[in-house]
Amino acid sequence: MELAPIKSELAKRLTSSRYEHVLRVAQLSKEMAKQHGVSEIAAEQAALFHDIAKCMKKEELLQRLQEADEDKRLVDFHHELWHGPVGAIIAQETFGIIDEDILNAVRFHTTGRANMSRLEKIVFIADLIEPGRQFPGVNELRERSKGSIDEAMYACISHSIEYLVSKRVAIFPDSFDCYNEYMLKEGII
Ligand SMILES: [Fe+2]
Ligand SMILES: [Fe+2]
């Protein structure tokens, strides 16, 4: 698939700062894909789509979510979590993406989940540590992301959960499932 039509759709849908973020996530995802033996084409596509629904209105996101066969628990959680699943719906509908791995990388890029594929992990990690991100601890995450993909994913999901706890907001169960996978399975990290 040509990337130009995706980029022009993104430029229409997103603010310029969000669009720039998406391009940085795509670049980093491609680099990580090469490093970890994942399709660079799939990584770039998934990363380009990951925030396609990010600038939609809360009401519209809710409507799309309720119409779709997505996780029904999401509506009870913060609307920040809705743009992943809705982004997967839009990638499928508007661009005919049928690769479930790409769609899942978009769908789960905010929450994570248990048993993520390498592509899903790459987009999750790249979204958090792309060069434009600035938050306390980001450099440590970047360092830890130079090792194995599971070490990187564990560091990133732990950071996300700690951050959400510090903000006293509800945490979607998939994020705990993702974290617990690293606690329960020996020898991954
Ligand atoms: Fe996002
Ligand atoms: Fe993002």
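Is R24 buried, partly exposed or exposed? Select R24 and see: this residue is partly exposed, with a relative accessible area of 29%. Here buried means under 20% relative accessible area, exposed means over 50%, and partly exposed lies in between (1.4 Å probe, protein chains only).

**Before you click on**

This is a predicted model, in which local features need pLDDT of at least 70 and side-chain atom pairs count only at pLDDT 80 or more, while totals for chains, interfaces and linings use all residues. Residues are numbered from 1 along each chain as its sequence is written, chains are lettered from A and ligands numbered from 1 in the order in which they are written, and side-chain values use heavy atoms, with hydrogens and water left out.

**Stop 1: R24 and its partner**

A salt bridge is a side-chain nitrogen of Lys or Arg within 4 Å of a carboxyl oxygen of Asp or Glu. The pair links distant parts of the chain: R24 is in helix α2, and E130 is in the loop between α7 and α8 (138-144), 106 residues apart. Helices are DSSP runs (H or I, at least four residues), numbered from the N terminus; strands are E runs of at least two.

**Stop 2: the iron ions**

Now select the iron ion (ligand 1). Which residues coordinate the iron ion (ligand 1)? They are D51 (OD), H83 (NE2) and H109 (NE2), at 2.1 Å. Donors are N, O and S atoms within 2.8 Å of the metal (3.2 Å for Na, K and Ca); water is not among the atoms, so sites may look incomplete. Along the sequence, these donor residues are spaced D-x31-H-x25-H.

D51 and H109 link distant parts of the chain. D51 is in the loop between α3 (40-49) and α4 (58-67), H109 is in the loop between α6 (100-107) and α7 (118-129), and they are 58 residues apart. Check how covered they are. D51 is buried, with a relative accessible area of 2%. H109 also counts as buried, at 3%.

**Stop 3: D51 again**

Stay on D51 and select R18. The side chains of D51 and R18 meet in a salt bridge (2.9 Å, N to O). D51 lies in the loop between α3 and α4 and R18 in helix α2 (residues 16-36), so the pair ties together parts that are 33 residues apart in sequence.

**Stop 4**

How many salt bridges does a search of the whole structure find? It finds 18. Select E151 and R144 for one of them: their closest N and O atoms are 3.0 Å apart. E151 is partly exposed, at 24% relative accessible area. R144 is partly exposed too, at 27%. Then pick E9, K12 and R13, which are linked in a network of salt bridges.

**Stop 5: helix α7**

Select residues 118-129 to show α7. At 1.5 Å a residue, its twelve residues should span 16 Å, and the end C-alpha atoms are 16 Å apart, which agrees. The expected span is 1.5 Å times one less than the number of residues. α7 is mostly covered: eleven of its twelve residues are buried. Among them are L119, K121, F124 and I129.

**Stop 6: helix α10**

Move to α10 (173-184). Its twelve residues should also span 16 Å, and its end C-alpha atoms are 16 Å apart, which agrees. Which residues of α10 are buried? Colour D174, S175, C178, E181 and Y182. They cover an arc of only 120° around the axis, which puts them on the same side of α10. The arc is that of the directions from the helix axis to the C-beta atoms.

**Stop 7: a surface patch**

Finish with M183, L184 and I189. They form a nonpolar patch on the surface, with about 310 Å² of accessible area together. Patch residues have over 30% relative accessible area and no salt bridge; like charges are joined within 9 Å, nonpolar side chains (Val, Leu, Ile, Met, Phe, Trp, Tyr) within 5 Å. Accessible areas come from the Shrake-Rupley method with a 1.4 Å probe; for residues, only the protein chains shown count as cover. I189 is found in the segment after α10. I189 is partly exposed, with a relative accessible area of 41%.
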